[in-house]
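Please consult the sequence and the structure shown here while reading.

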Amino acid sequence: MKILFIGDIVSKLGRQTVGKVLPDLRKDANISMVLANAENIAHGKGVTKATLEEVQVYGVDYFTSGNHVFWRKGTSDLLEGNDASLIRPANYPSDIPGQGFKIIDLGKDGKVLLINLLGRTFFNEPVFCPFRAVDKILEDFEGEDFAAIVVDFHAEATSEAVAMGWYLDGRVTAVVGTHRHVPTADAWVLPQGTGFVTDAGMVGARHSVLGVETQIIIDKLKNPQPQKFEWVEEGPAVFNSVLIDVEDGKAKSIERIDKIVK
Ligand SMILES: [Fe+2]
Ligand SMILES: [Fe+2]
């Protein structure tokens, strides 16, 4: 079974790029399930029903998120209910709306457990320890027969992501990092069979700083005045993802699939 994980989809250009790449890729690579991080899918910050539905038409099945997931009103509704296609980090306090994991039934391919976690290093989010949070989830489902367990570890520090990969090696099928919007070149299968990459990357404007207008970020970094973010919605775009080939719950391989769309 093959699972594609797409990095943070950023704004309208990101969604359009998914539309240009994914339908053919999904067919050609014989992919069973497509996951994507959606925290920036609605004009760079947060999630709306319409933007999720737009990329579902292109072939994304389920969405993880991160520190930007609650930026818009109405997000709670998208996270609630058994048929919700979106999850939020599991290590937010339990009174925060939504679920931090999801069981996805793929029929003949079996059931997949999808888990979302948020890192703590360089973050100022009210989250519990992601290592203990994932232990608890795996403990709760001990003995369950999953075809795959996929973890989106949404983190800032590369060290925290690499440590999580080693922590979960042999216990989950894949640990895929998100949030940095920059694809890392370290996709590999750890010794006990867990596919790992520090960061999947993003889908969004190439002529940008992580999707945002370059001059805005340069001004923000040079000057004390606050800047209003604008997202680049035209020009070439990057499509960053990893393809995980799963056998008996382990990753047989994990390979980057990166494209530039003019
Ligand atoms: Fe992001
Ligand atoms: Fe993020």
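## Salt bridges

In this structure, Lys252 and Glu247 form a salt bridge whose closest N and O atoms lie 3.4 Å apart. A salt bridge is defined as a side-chain nitrogen of Lys or Arg within 4 Å of a carboxyl oxygen of Asp or Glu. Glu247 is partly exposed, at 43% relative accessibility; buried denotes under 20% relative accessible area, exposed over 50%, and partly exposed in between (1.4 Å probe, protein chains only). Asp245, Glu247 and Lys252 are joined in a network of salt bridges.

Asp258 and Arg256 also meet through their side chains in a salt bridge, at 2.7 Å from N to O, and Asp258 is partly exposed at 39% relative accessibility. Asp109 pairs with Lys108, with 4.0 Å between the closest N and O atoms. Lys108 is exposed, at 82% relative accessible area, whereas Asp109 is partly exposed, at 25%. The whole structure contains 12 salt bridges.

## Helix α4

Helix α4 spans residues 130-140, and its buried residues are Pro130, Phe131, Ala133, Val134, Asp135, Ile137 and Leu138. Helices (H or I, at least four residues) and strands (E, at least two) are DSSP runs numbered from the N terminus. The buried residues of α4 pack against β5 (101-105), β6 (111-118), β7 (148-154) and α5 (158-168), where contact means heavy atoms within 4.5 Å.

## Basis of the values

The model is predicted: local features need pLDDT of at least 70, side-chain atom pairs count only at pLDDT 80 or more, and totals for chains, interfaces and linings use all residues. Residues are numbered from 1 along each chain as its sequence is written, and side-chain values use heavy atoms, with hydrogens and water left out.

Note on methods: Chains are lettered from A and ligands numbered from 1 in the order in which they are written.
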